[in-house]
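Here are a few friendly notes to read alongside the structure.

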Amino acid sequence: MTTTKSGIAVHPNNQPTFNITLESTGIFLGILVSFSALLGGIIKAITKFNSIDNNLRDLREDFNTHVNAEGHNEILKQVK
């Protein structure tokens, strides 16, 4: 009785591979959503600060206009 031995030739793959799985896709999308939410919050805060700055500038201009219109400077000169 003769026995035959079969062999499988294997060539090792030494090149690194990049596998995209459902888990890695979920992590990547989670990072993108978190980053966009953080960026949106920062933009909202900057917009709010700019709005406050504009309101203060308008109030300062209104105050100066009111002071000049009422003649407070002349009254202060008379009181001194």
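The points below go from the whole chain to single side chains.

1. A word on the source before anything else: this is a predicted model. Every value in this note is computed from it.

2. The overall make-up is quickly told, with 2 helices and 0 strands in the protein. The chain has 80 residues, and 2% of them count as buried. Its accessible surface comes to about 8200 Å², and carbon and sulfur atoms account for 62% of that area.

3. How many salt bridges does a search of the whole structure find? The count is 1. Its partners are Arg57 and Asp53, whose side chains meet at 3.0 Å, N to O. That N to O distance falls within the 4 Å cut-off for a salt bridge.

4. The spacing of this pair along the chain is worth a look. Arg57 and Asp53 both sit in helix α1, which covers residues 22-70. Because they are 4 residues apart there, about one helical turn separates them.

5. Next comes a nonpolar patch on the surface, formed by Phe49, Ile52, Leu56 and Leu59. Together these residues have about 420 Å² of accessible area. One of them, Ile52, is placed in helix α1. Its relative accessibility is 40%, so Ile52 counts as partly exposed. Patch members need over 30% relative accessible area, and the value for Ile52 is 40%.

6. Finally, please look at Ser24, another residue of helix α1. A polar atom of its side chain lies 2.9 Å from the backbone nitrogen of Thr21. Ser24 has a relative accessible area of 32% and is partly exposed.

Methods
Residues are numbered from 1 along each chain as its sequence is written. This is a predicted model: local features need pLDDT of at least 70, side-chain atom pairs count only at pLDDT 80 or more; totals for chains, interfaces and linings use all residues. Side-chain values use heavy atoms; hydrogens and water are left out. Buried means under 20% relative accessible area, exposed over 50%, partly exposed in between (1.4 Å probe, protein chains only). Accessible areas come from the Shrake-Rupley method with a 1.4 Å probe; for residues, only the protein chains shown count as cover. Patches are made of residues with over 30% relative accessible area and no salt bridge: like charges are joined within 9 Å, nonpolar side chains (Val, Leu, Ile, Met, Phe, Trp, Tyr) within 5 Å. A polar contact is a pair of N or O atoms within 3.5 Å; within protein, one must be able to donate a hydrogen and the other to accept it, and residues adjacent in sequence count only if both atoms are side-chain atoms.
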